[in-house]
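Welcome! Open your viewer, keep the selection tool handy, and follow along stop by stop.

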Amino acid sequence: MVEHDLAKVGVASSSLVFRSFLCPKFSMSSDSVSPVDNVTRDIPLCDDKSCIRDDSRKYALVTGASSGIGLQYARQLAQRGYNLLIVSNESGIHSCAKEIEEESSVDVIALERDLATQDAAKELFDYCTDNNIEIEVLINNAGVYRNSDFLDTDENFNRQILNLHVFTPSMLIYYFGKDMRLRHKGYILNMSSITADIAVQRLSTYSATKSYIRNFSRSVHIELKKEGVYVTAVCPGAVSTNLYNLSDSARKTGLRLGYMVTPEKLAQNGLNAMFRGKWRITPGIINHIGVFLIKLIPTWMLRIVRKSGLY
């Protein structure tokens, strides 16, 4: 897939929607997990160090934690004193665990798992139950992205994105949320997107699944807040990560103009919102403006753009 620099397309918006609308081959993912096949790796329950846990601190579970936003969630939770269970389909998750342990002196368990399967949530919950790991914070961050027409996307990827964005996070909340409700304490953060507010061609499945997780978060937030469990949806626009494949100058320009945010800042904003009990956060005023303006575009105009071949 050919990657475009922001300077080439002259985009001055922070939102993923603006860049996707104007530049269909621009590829990004805000969720830090690359597509994998549908084979779940056989991972032992834990190594020698993983089985030794400090009961004076509760655990935070972060999915998609091997890079980008997920890694920042993990690091910042460790700085807040949480032990970690970090999960990713990438082998680099183990080196991330060692780095975080050295930085923060907390216990970190790393699991290399494919979460895009129907049994992934139950297997992860059973792992925690078998190893006496009490999850106080759940961060549903794992996800994938592809900019293409729905019918031109291969079947395996469509199954993957539906499982990873809808089924697995929902069932993780179902299993771990019950324990949180019994304890009358818990925090859940779900990664949505500003594309949840609009339906855009070539992002049909992505935006639809992000809309689901945003609406689902709001409903469960209302159901569980009185029980002492807080659910938050984070709906970012563009994030300055290596997944953009942009030049350093383009990323610096985006950050300076405010239409991009660093993973560190996004994770900080998301965690602050979650611990304050907010149901939703969309960082950046430009993102709010961008979504508002795109909602004003009529469908017939989008069809003309499509017919012209611009998108």
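Start by selecting I173, which sits in helix α6 (residues 155-183); helices (H or I, at least four residues) and strands (E, at least two) are DSSP runs, numbered from the N terminus. A word on the source: this is a predicted model, where local features need pLDDT of at least 70, side-chain atom pairs count only at pLDDT 80 or more, and totals for chains, interfaces and linings use all residues. Residues are numbered from 1 along each chain as its sequence is written, and side-chain values use heavy atoms, leaving out hydrogens and water.

I173 is buried, at 6% relative accessible area (buried means under 20%, exposed over 50%, partly exposed in between, with a 1.4 Å probe and protein chains only). Now show its neighbours: leaving aside residues up to four places away in sequence, I173 touches L138, N140, K178, I188, N190, F216 and V220, a contact being heavy atoms within 4.5 Å. Draw a C-alpha to C-alpha distance from I173 to L138: 7.9 Å, across 35 residues of sequence.

Next, select strand β1 (residues 59-63), where five of five residues are buried. Y59, L61 and T63 lie on one side, with A60 and V62 on the other. Zoom in on A60: opposite stands L84 in β2, while V137 is the bridge partner in β4.

Finish at I289 in helix α10 (residues 285-295), which is partly exposed at 45% relative accessibility.

Definitions and conventions
Pairing = 2+ DSSP bridges.
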